[in-house]
Every structure is written in C-alpha cells, then in structure tokens.
Amino acid sequence: MAMPMTSCAGVSDSQVQVMDGSMGRLCMLKGIPEDDKLWSARGLVEEQFHEIIIEAHMEYIQAGSVMITTNNYAVQPNYYRRVFDDWQARIASDTETAARLAVEARRRCHAEGSVRILGSLPPICESHRPDLTALFIEEEGEAACLWYYRTIGEALRRGGVDALLAETMNSWDEARLAIEATKDLGLPLLISMEGALRDEAMKPHPHLAGDIAEKVLRAKSQGAPIEALGFNCAPPEAILMALQAVESSGVGEHLRQAGIKLAAYANCNDRKAVHDAGFDVLKFVAAGPIRVREDLKGTGYVGWCHRFMAAGATYCGGCCGCTPVEIRQLAETLTEEEPHASLSENAAKLLSTSRNDASVSTTASESELRGSIQTLFGRVI
C-alpha cells in the first residue's frame, strides 16, 4: 500500500511503503518450537518448518506489506558456532534458504511486481549489546566480521533478494562493517540502527541520530549504494526522538537531496524489564514474560506509525510484538479511499482512541495473538 505524503518533514513527493512485522514470534505461534540456542533460525535448520516460514511471509503480504524481510535474523556466528561444527557453511546455506522461502511466498501471492524482498544483515553477535559487539569485533578482528557480512550478503543475493537490510545495528562500527562487506554486491543497502542508539553502558542516546545520519551520508558519497537510514527494535518514543533528531540537526534535508529515505519500525513489546536485566539472554526468564504494551495494541501502534511518517519516515512497519494485524491496520490507513485526509489527520484520529502511557503494559498470551490473527485471516493457525 502506498500513499503520497502531504507535508512530512519536506518529503512531499515521497511514497509511504509498508514493511512487515515480527517474523520470529509469528512463526513460533504457527508451530516452530522455541529454541534458546538457535532462536528463530530453528525454522531454517529443519526443513519441516519451511512451509510455516513461507506462510508467515504470505500473511504479511496479504496484510499489505510491500517490503518483507528474510527470516535469517538469528543466523549469527555467535549462535551457530555454539551448535554446529560446520557453522560457517551452515550460515551460508541457511541464509540462502531464508531468501528462497521469502521469494516463494511472494510467488504464491503473485506479488513479484509489487513486493520487494529485503535480505537481513543481522547483528554480528547479539542484539542490544553494543558492549559485546565491540568486544566481538576486537577479539575476532575486522577481517572475520567482513567475511561474515560478505558471506550472508552473497547468500541473500543468490537466494533472490531485491535489497539488503542491515538491521538493529548496535553501533556505527557494526554498520560500517556491513556496508563495507556488501557495498559492491549490486544491491541497494538499507541501514537500520537499534532505535535507542545505546552506548556500551546500555544508555540510550536517540538524540545522536543526526550524527549517524552524517556518517550514512559520508558512506553514500564514497560509493555505498545506501537507499535508506532506519531505526528499529526500540520503543516508539525512542524512534520518534531519533527521527526528530535527524530533522532538527539539519541533516534530514541532506538525506533527501542524496536520495536517502528514512525508515522506522518500532517494538510493540515492552522490553523495559529485559533491558533492566542488561539484555542478557540468560536472564530473560528472571525478567518475566515479554509483554505487549496495552497502548500499542492495534490502532495504538498505527498511531505511532503516523507520527513516524510525520517526522519524515517513508518506510514504516513493525518490529518485536507487531503482527499482521497491526500491519493490515496500518496499510488500511494508507489507502486512497480518503484522498483529502492527510497523514496528520489520520494520526490524530488514531491517537485519539489510544493511550500513550509507556508505563502501561499487559501480557499478550499466545491465545490472544492466535485469535487476532485467526480473525484477520479467517482460518486456524
């Protein structure tokens, strides 16, 4: 779904493109077992689960996504070498499989001409841990990191993706390595930073997004085929701050002149307890169940998406906790059924029916999510 934007941070001639939402949780709800070693990559490793991944991609396409991301986010050296002796070969093969499954989902939806497939370039060792990322780069060496990103970039290209998405980048150093390793593969690059821009002490600094934007501009001027700068996998408040910081720094106009779009896909889950535990996967259980913020269910999150658009984002979707339900609701607000309604007017309508108290959350049970998705698509999953 796309709609010309009216007056959003000076991008009046742009198109809003709907991305997808979380794949890992959706796939688990559909039958892929939880795995605290391989995480969402379990569905790639075991062929019996490939059909589930295809169906999950299809549900996002049917909901209105025109950009879907491959399901290889957990195909990371840090995970794979703990499980497989042949982890290097597996990284390449499982990544290519992820791309081929997304391509197959698009084919079944007859959407080859309307849906782009983004190949995920995930964090190199862990999400939300810039401290561990810095240590990994130091201990393993930049050459090893470049090999990893080159390997998955080539595998994604073989599998048929249309562009590469370096997502949830922990630091500019990590993003820089992803860019350097893949910039000559002949595919556009989207660079998406972890939206809170945490430092190695885990403190958020979304106000520094303008500095990141300057570095992205410099990389593009040096030949990297960068299509977009994004912010993801953080609370919507942090991502909105990052987008606004890009604009208030004056860099937003330079991005537009360079043809670099802004992307935003925030978390619907409340991750505060997890971050308070240091985002240590071994402490997730102690931190309690992951919760979906009550104010971000359904149209509550869609209202935030319209805020992102008003701040300049032209690619918009969801991250952890976002399902095809929210994506369809977002896509429906971007139809041309009300051609005279601006994005800000749509956002006002949505926000008037939702609460924005970030401290309020509720546990989203699997039965609730199954019910919502079943209602949306009219079948049992």
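## Aromatic pairs and their surroundings

Three aromatic pairs are counted in this predicted model, where rings of Phe, Tyr and Trp (its six-membered ring) pair if their centres lie within 6.5 Å. Local features need pLDDT of at least 70, side-chain atom pairs count only at pLDDT 80 or more, and totals for chains, interfaces and linings use all residues. Residues are numbered from 1 along each chain as its sequence is written, and side-chain values use heavy atoms, without hydrogens and water.

**Exercise 1.** Classify the pair of tryptophan 87 and tryptophan 147, and locate both residues.

Step 1. The ring centres are 6.2 Å apart and the planes make 85 degrees. Planes under 30 degrees apart count as stacked, over 60 as edge-to-face and the rest as tilted; this pair is edge-to-face.

Step 2. Tryptophan 87 lies in helix H5 (residues 87-108) and tryptophan 147 in helix H7 (residues 142-159), so the pair ties together parts 60 residues apart in sequence. Helices are DSSP runs (H or I, at least four residues), numbered from the N terminus.

Step 3. Buried means under 20% relative accessible area, exposed over 50%, partly exposed in between (1.4 Å probe, protein chains only). Tryptophan 87, at 17%, is buried; tryptophan 147, at 32%, is partly exposed.

**Exercise 2.** Which ring does the charged end of arginine 81 sit over?

The criterion is NZ of Lys or CZ of Arg within 6 Å of the ring centre and within 35 degrees of the ring normal. Arginine 81 sits over the ring of tryptophan 87, 5.8 Å from its centre.

**Exercise 3.** Describe the setting of threonine 151.

Step 1. Threonine 151 belongs to helix H7 and is buried at 12% relative accessibility.

Step 2. Beyond neighbours within four places in sequence, threonine 151 is in contact (heavy atoms within 4.5 Å) with Ile91 and Ala92.

Note on methods
Helices (H or I, at least four residues) and strands (E, at least two) are DSSP runs, numbered from the N terminus.
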